[in-house]
Amino acid sequence: MIAPDHTAVRVALWRALHTQIDAPPYVFDDEIGLRLAAPEDGWRDRPDMDPQTTSPMRAGVVSRARFIEDLLAEQVGRGVDQYVLLGAGLDTFAQRRPELAARLTVFEIDQPGPQAWKRQRLTELGFGVPDRLRLVPVDFEVDSWWERLTAAGFDPRRPAVVASTGVSMYLTRETNIATLRQISTLAPGSTLATTFMLPLGLVDSDEQRLRRFAEQGARASGTPFISFFRPDEIVSLAKEAGFAAAQHISPSQLTRHYFADRADGLQPAESEQILVATT
């Protein structure tokens, strides 16, 4: 079906909500995702857009996006010229950051239906799909994303940045490990930045209530959370998969970096954390 993924739309709306209701300075500024999603009037009244109860998730979404694009800019400065988004959703990097995107070939991997919808929306909004933006449709049930990626012009012999956010918890443990192994074979100087979900028992009671709400919603929409990792565990798995180095980036690190001295107390939830691994 040609339609956007519900989770991708929610992420785009949270990113937009940040600049609409949170105080500056903004951690991440993305109104283009809202234009892509084109939600119905009253979208801010949705329960999953409640300004207070969902603020830790909103903060997590904007800080992970900012962290990855800061990392990407650093790697581009070192000469990396390929950027892969696994499960791209309504990401708008290529439209928001044209000066950086011009130095890259950007490969967005996603399910065929949602991606066909996004291609249509990019055309309708006048952005189009330039040659340096490669939309790579992959049916993960039957296709090899790696083969589709290389067929789209990706060169595994040259360094790349690979980003995957909000995806690992929907995949089996075996698929997550297989993905780590595949990406670890990239050229030396490549970087993977991926989010992962902590086991429920490792977050405090307040956040456990928020997590149960999120997990119920995911189950109801047919995409249950099935994989969880401890930080030390995911770092070990990355090294076992073949990465030369791996480190864990915690929400407290993101808070110190992006949310220091805020009067509104906005800060990301503990549940989602980041792994950075390099070849």
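The protein chain folds into 11 helices and 7 strands; these are DSSP runs numbered from the N terminus, with helices being H or I of at least four residues and strands E of at least two. This is a predicted model, where local features need pLDDT of at least 70 and side-chain atom pairs count only at pLDDT 80 or more, while totals for chains, interfaces and linings use all residues. Residues are numbered from 1 along each chain as its sequence is written, and side-chain values use heavy atoms, leaving out hydrogens and water.

**Overall shape**
- Along its principal axes, the C-alpha trace spans about 45 × 45 × 35 Å.

**Inside and contacts**
- Of the 279 residues, 52% are buried, meaning under 20% relative accessible area with a 1.4 Å probe, protein chains only.
- Take the contacts (heavy atoms within 4.5 Å) with a separation of 6 or more: 76% of them join residues 24 or more positions apart.

**A look at helix 3**
- Helix 3 covers residues 55–77, and its end C-alpha atoms are 33 Å apart, which agrees with the 33 Å its 23 residues should span at 1.5 Å a residue (that's 1.5 Å times one less than the number of residues).
- Most of helix 3 is covered, with 17 of its 23 residues buried.
- After helix 3 comes Gly 79, with a positive phi near 105°.

Terms used: Buried < 20%, exposed > 50% of the residue type's maximum accessible area, 1.4 Å probe, protein only.
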